[in-house]
Amino acid sequence: MSDLWLSIAVGVVLLLAAIPYVARIRHPQQKLLAAYLIFMFIFVTAAVVLYTGLAMLAVALDLAHLLSQPLPVLLFLLLVFLPAIALGTWQARKPPWRQGPPA
């Protein structure tokens with residue numbers, strides 16, 4: 001049960017740490033809330049897809065036992081979070097879409 005609470009605490013810290021980061025990197029014409037929601041949606045989606053894909057790959061290659069050691073876990077998390085942060089940053093930096101609704 002302590003793993004669950006640790007995961008929740010880390011998630012809350014990530015959510016709070018993203019606020020000043022998005023405020024700094026967002027496009028000047030983009031509202032902070034919109035940029036934050038865009039960043040978090042892309043970040044979470046990419047992280048879930050990468051985590052699932054890499055975990056399935058580790059199991060398929062019979063490497064899952066390595067994820068109980070600190071260095072492989074750190075590499076695994078870097079392979080999940082760095083691309084997710086890069087994709088979220090890329091989307092949050094885009095200017096707002098100013099086109100009207102489709103006709």
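What you have open is a predicted model, in which local features need pLDDT of at least 70 and side-chain atom pairs count only at pLDDT 80 or more, while totals for chains, interfaces and linings use all residues. Residues are numbered from 1 along each chain as its sequence is written, and side-chain values use heavy atoms, leaving out hydrogens and water.

Next, switch to cartoon. You will find three helices and zero strands, in the order α-α-α along the sequence (helices are DSSP runs of H or I of at least four residues, strands runs of E of at least two, numbered from the N terminus).

Now zoom out to the C-alpha trace, which spans about 50 × 30 × 20 Å along its principal axes. Colour by burial, and 18% of the 103 residues count as buried (under 20% relative accessible area, with a 1.4 Å probe and protein chains only).

Then select residues 2-25, helix H1, and residues 32-60, helix H2: their axes come within 10 Å and cross at roughly 125 degrees (axes are lines fitted to C-alpha atoms over the stretch in contact, with angles from 0 to 180 degrees between N-to-C directions).

On H1, pick Leu 15, Ala 18, Ile 19, Tyr 21, Val 22 and Ala 23; on H2, pick Leu 32, Ala 35, Tyr 36, Phe 39 and Met 40.

Technical notes: Buried means under 20% relative accessible area, exposed over 50%, partly exposed in between (1.4 Å probe, protein chains only). Contact means heavy atoms within 4.5 Å.
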